[in-house]
Protein chains: 2
Amino acid sequence: MEPKYPIRVVANKTGLSTHLIRMWERRYHAVEPCRTDTKRRLYSDVDVRRLSLLRRATQAGANIGQIAGLGDDQLVELVASYEQISVGAVPRAVGATDPEFFLRLALDAVKTLDQRALESALLQASVSVGRTLLFEGVIQPLLSAVGEEWNAGRIKVSHEHMATSVIRSFLGHLIETTVVDTNAPLIVVTTPTSHVHELGALMAAVTATGAGWQTMYLGPNLPAEDIASAVRQSKAAAVALSLIYPPDDPRLPGELRALRRLVGNDTLIIIGGESRGNYRKTIEEIRAVTVENLRSLAEVLASNRSVAATEAK
Amino acid sequence: MEPKYPIRVVANKTGLSTHLIRMWERRYHAVEPCRTDTKRRLYSDVDVRRLSLLRRATQAGANIGQIAGLGDDQLVELVASYEQISVGAVPRAVGATDPEFFLRLALDAVKTLDQRALESALLQASVSVGRTLLFEGVIQPLLSAVGEEWNAGRIKVSHEHMATSVIRSFLGHLIETTVVDTNAPLIVVTTPTSHVHELGALMAAVTATGAGWQTMYLGPNLPAEDIASAVRQSKAAAVALSLIYPPDDPRLPGELRALRRLVGNDTLIIIGGESRGNYRKTIEEIRAVTVENLRSLAEVLASNRSVAATEAK
DNA sequence: CAGCCTTTGACAAATGTGAGACAATTACTG
DNA sequence: CAGTAATTGTCTCACATTTGTCAAAGGCTG
């Protein structure tokens, strides 16, 4: 863990102001970063994580003065109890920033049908690795792994259902606990009719809140007409659709064209999901943006945020 | 369990006002939290639990002066008996405990597609009215109302999806935040194959945790074989199935018989949901218990809890 | 040289505390 | 049944603590 971030970057990553970070250091020794030769602060990933935890805890009502001195592992527990998640007695590895560790933990939990352990693995992963790594290193691999195990007949549908249900509620929780400013532009997230896989859309929704957008998550399987009416009623600046299964839906091109027609040309349409490639022609035709993964979704949203915000006025 | 919550967090968690919490302390010594060096109150999880119990008891009609001195165990019993008695009876006028108020709030939120408002309406309702009233007075009427509005063409599917998605994550949250004794018997909650309506099952799952059972919620649409394997692997003492739609599923009797055969005769099978009446013959045949509503589910679970607990040993 | 960082001191908003008071309801008494 | 006392939730006030924000002055960086 080499120290590397100047204070400005840390402020961006954690959502705290530089002022506040320095104050917390001065008053409570919340984090004491290394310095350059010329006394400039240089924060490590561990510091960033600690500051994020502190922010979540204070957000939930803790007094910074009381908690600033706590150890990292205590802090994780504290955040859990403040946010009303039960961690229970589980193997803890706060030091580990290794997604694979949490992936293994989670997969074991699925195999043994242990709901609590799965929740706790996800929670710990979410505080120990960043959100990007949480998706790309834990949740997505977990879903693939569960799929493989099921294909191989080593686990049952019930395991897969349990995993889905826990992950879904965990992701919902992430959206709820992320505070976004109410002036932020709004994005509608859903999947088109007959596309029933919803976890991709949920992760997109979480990514969007993380990128500072207000999100309206409408669940899977929604006709173009209804998506458009939701966009209009909520005055959303963008729509994101996740396409996973079926990979070859003959009715989808029609739906997409209808969507573009109904929302008008000012609304950004973003399309992601594994099957997006199979509909490329239509996507180009309706001038929608495709994103390969959640990271590029975040980039697209970041670069469109200011545009959307100004247009709203 | 070190003391850690400042009073405002406790107020949020319990639904009491900070004023009232201090008053109960001054007058009745209901809880006497530790203090910081500067006399600020710091509550522990135990204190929070105790205050919640006190709130539930007073809401059900107990007078605070009488019960404030009781021990925690007595309080649990008291709350249980009080809530049995006062179900349906008019609760004492404590604040705006009118479910219809929250129902209207929630319905407005759905109509205006306001996710946050719906969440906050549900959250307020859950701390202001008891859980029974939350289901029977808010969530179920809300779902019916949304259905009616949709039939009448006054709202779109997107509204219904939004409502479903918010309610689902809210219910999931309720399950997670209810702390259950890890020795409690376990119940598996799901719906059979092709029964895709999941909110009934989710409410059943919440009811079960409220009745002191550990709950494994597996989501909707699960084949009998997989339900049974989940029961066996998790050593569950009971299974609850919610039947709503379709009301006349020709394959259901076969599924139910298979379920009984696969789980053996020691497992309690509970069946609820609006359509349960249409399958009465099979239900009797497999010696399953039917419940009319969530309240009777709670009763069945309460009376079977001790039985299940002893059998587990 | 403009812009960012550091330290220090100061300020104001928010929140918590204890005491007292008030109004509404309930329970008891003659 | 009227009158009285007790109960209980809410509110206000004066004061202390906590905490986020800001400004000034000087140094570092590109």
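**Salt bridges up close**

Modeller: R168(A), E198(A), R168(B) and E198(B) are linked in a network of salt bridges. A salt bridge here is a side-chain nitrogen of Lys or Arg within 4 Å of a carboxyl oxygen of Asp or Glu. This is a predicted model, where local features need pLDDT of at least 70, side-chain atom pairs count only at pLDDT 80 or more, and totals for chains, interfaces and linings use all residues. Residues are numbered from 1 along each chain as its sequence is written, chains are lettered from A and ligands numbered from 1 in the order written, and side-chain values use heavy atoms, without hydrogens or water.

Over all chains, the structure holds 23 salt bridges. Take E149(A) and K111(A): their closest N and O atoms are 3.9 Å apart. E149(A) is in helix α8 (residues 131–151) of chain A and K111(A) in helix α6 (residues 99–111) of chain A, so this pair ties together parts 38 residues apart in sequence. Helices are DSSP runs (H or I, at least four residues), numbered from the N terminus. E149(A) is buried at 13% relative accessible area, while K111(A) is partly exposed at 35%. Buried means under 20%, exposed over 50%, partly exposed in between (1.4 Å probe, protein chains only).

Next, E285(A) bridges to R257(A), with the closest N and O atoms 3.1 Å apart. E285(A) lies in helix α13 and R257(A) in helix α12 of chain A, so the pair joins parts 28 residues apart. E285(A) is partly exposed at 45%. R257(A) is partly exposed at 36%.

In chain B, R257(B) and E285(B) meet at 3.0 Å, N to O.

Definitions and conventions. Helix = DSSP H or I, 4+ residues; strand = E, 2+ residues; numbered from the N terminus.
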